[in-house]
Amino acid sequence: MLRHIPALTLFFLIGPVLAGLMGVLLPAFGLLPSLGGTSLTLDYFHNVLSTPGVLRSSVLSLTVGLVTTAVSLAIVMLLIACWHGTKFFKSLQNLLSPLLSVPHAAAAFGLAFLIAPSGWLMRLVSPWATGVTRPPDWLIVNDPFALSMMAGLIAKEVPFLLLVSLAALPQSDLRRKTVLAATLGYGPVSGFFKTSFPLIYRQIRLPVLAVLAYATSVVDVAIILGPSTPAPLSVRLLQWMNDPEITERFRASAGAMMQLGVTALALLVWFMGEQLVRKGGLRAINRGHRRFADQALRRIIAVLAVLSSAMVLLGIIVLGIWSIAGFWRFPDALPVSFTLANWSRQAMGLETPLQNTLTIGLAATAIAIVLTLACLEQEARSGKTATSRALVLLYLPLIVPQVSFLFGLNILVLQLGGKANVMLVIFSHVIFVLPYVYLSLADPWRAWDTRYAAVAHGMGHGANRVFWSVRLPMLLTPVLTAAAVGFAVSIGQYLATLLIGSGRFPTITTEAVALASGGDRRVIGVYALIQAMLPFIGFAAALSLPALLYRNRRAMHANG
Amino acid sequence: MSEPNDGLTLKDVCILLDDRPLVHVSAHVAPGDVLTIMGASGSGKSTFLAYVGGFLDRAFSGMGEVYLNGVAIHDQPAENRRVGILFQDALLFPHMSVGQNLLFAIPPEIKDKSERRHLAEAALKEVGLEGLFDRDPATLSGGQAARVALIRVLLSAPKALLLDEPFSKLDADRRLSIRRIVFDLAKARNLPVLLVTHDAEDAKAAGGRVIEPLETAPAPKP
């Protein structure tokens, strides 16, 4: 049984992606018998291409993806180059880590509430500094160049890339290389990029590509912060997918293929960029320049990093304020009065979404944890570590655009005569939860001292007993932390819930995003704040449970 | 009483790393005797013990036959070999109390709860740690933890004992006393003992035969 789990796990990850791609590939070429599509045609591609503004939408998606990824990566790498090992870095790390669990939608809403012309920042400086008493007519949020959308994505991807980079640092021997480079007279920036960066980048390449693919095809952040005339390709796809006119599904399928093409093109451009950087980098190494505006960069990067995390934190605070705001006139920095009425008015409507969110999140997390533990235990028993090729497969669902294959799955389910049900939604969440659970648990699981197992085996205990009584309880903290990561990922899912559930299973996230167009800040504040808080509650539980269970076991806290 | 087969018998036990032989041992350890394997770190001693105990890392390959009281154990899984092991770290399970660590070791054939508890308490008393049953292992001194680890492995009723540099992390004072207790208790239980160490003092204190396996290893084939 255990022997087959790794294969089963890969099936759960890869199966839906491939099936989903088939599910849009055939209708894109006109084949969908249940809707009368029986002959091969390119009409729907023509249809997509002749849709006004669709090229602009595609270029937008491509640009957002490339800029977001490049800027986020640059911030994280410069941050490590300039500040790693300092007190500032440590505190920034503590500031950024919790931001990782804030769902994209909540962060995007927070940012919108902050930077909009009538947002908090403007209120804080008005009218005493700006002289304005009514919100200026500026298009900041939803700006046509997607600047605010990119800002929101960058603020969320920086903590992610920082975390994966920090995980890669121990293997790259950063400290000694930096010291060595410094003794040769290299400044921190050139020293870092010429000695450590290539190794670190190689290790974080898959997460970087995942960020790139995500940013080219993201929907929820695009709805909240992105431009609308025209919207990024993914948002327009979703409109076609949700069109009551059922034949629009052909166009949506062709569009999904086009999204796939846009993301593939972004990856291709990125790969070429990698080659250019590699060649240029090698030449730069040979030239031996030692300094690269280190002092100025150091300050700039600190400001950028603080700014990007402060935006998310302040955004959450302002979400909280709006959720309890009574009357709040424009230039006032704070509402005239506070009230819980916003919450009590929503209480009834919150019940179902909250219940769905918790059910789906807990179930998907449980499935992902069981599969991950089984894979890791099978790995320990067979001695065969997952290959790097298997790791690529793990990232596949994070690199293939969600909007493309999830829509295909939705078509497949309907084509096969199935109806949307909660089990399907749960398994669609597992596709995204599982990679993160696996990635966060694999290292601590493998780092466990196997001599404990040798001792227990020597006492006559078999593999199962060692797993349940020794390894699992000793690794309870990382297991629960991985579960909290998985839960947070599930909370953040928008498309999977919407497309696979055919809109029949509203969650906090789908409701919150649906509120975006309405613009009622008090209601959005309530939903987005709940969305942001749920992952925190998960992490708090993951940390306090072992602390409680092992309150009299000092060694169990040391690395918690 | 003692039959010639009793004890631990090693027949051409050989540890290979990338097809290069690291260790090659043929020996018989009678019950109550200690066989010491000397060698610098990195010489494959620990790997050799891992092969005998049945938890060899897959980077290595081992071959050769191991008999315990006349029964072949080299093709048995570790949990069926009844070979206890002590490492240089006590490796007390950090999520269990001292007492739970001991109860975990006592064989399931002893069913009666109060008897199990009594065995654990008596073992603590035997090494001068009376009353530490409910303690958190993390609060023990190095010497105390080493003694708990020793009685833990003995409570599991092994038929042989493997010692992997078990004294090397103790400070000089404790090392003497712990070494004495380990060898005394192993002898009292008539266990064949395999000790690997790089410390000549350990070997002398063990009192048994000493071999340096690399000298007996065949020259690597070209």
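## Ring cluster and the A–B interface

User: Which residues do ring pairs link into a cluster?
Analyst: Ring pairs join Phe109(A), Phe113(A), Trp322(A) and Trp328(A) into a cluster. Rings of Phe, Tyr and Trp (its six-membered ring) pair if their centres lie within 6.5 Å. This is a predicted model: local features need pLDDT of at least 70, side-chain atom pairs count only at pLDDT 80 or more, and totals for chains, interfaces and linings use all residues. Residues are numbered from 1 along each chain as its sequence is written, and side-chain values use heavy atoms, with hydrogens and water left out.

User: How many aromatic pairs over all chains?
Analyst: The structure holds 20. In one of them, the ring centres of Trp322(A) and Trp328(A) are 4.4 Å apart with planes at 35°, so the pair is tilted. Planes under 30 degrees apart count as stacked, over 60 as edge-to-face, the rest as tilted.

User: Trp322(A): buried or exposed?
Analyst: Buried, and Trp328(A) is too. Buried means under 20% relative accessible area (1.4 Å probe, protein chains only).

User: Switching topic. How many residues of chain B are in contact with chain A?
Analyst: 28, facing 27 residues of chain A. Contact means heavy atoms within 4.5 Å.

User: What area do they bury?
Analyst: About 2,300 Å² between them, 64% of it on carbon and sulfur atoms. That is accessible area (1.4 Å probe) lost on being put together, summed over both parts.

User: Which side chains meet in a salt bridge?
Analyst: Asp89(B) and Arg451(A), at 2.7 Å, N to O. The count between the two chains is one. The rule wants a Lys or Arg side-chain nitrogen within 4 Å of an Asp or Glu carboxyl oxygen.

Methods. Chains are lettered from A and ligands numbered from 1 in the order in which they are written. Buried area is the accessible area (1.4 Å probe) that two parts lose on being put together, summed over both. Buried means under 20% relative accessible area, exposed over 50%, partly exposed in between (1.4 Å probe, protein chains only).
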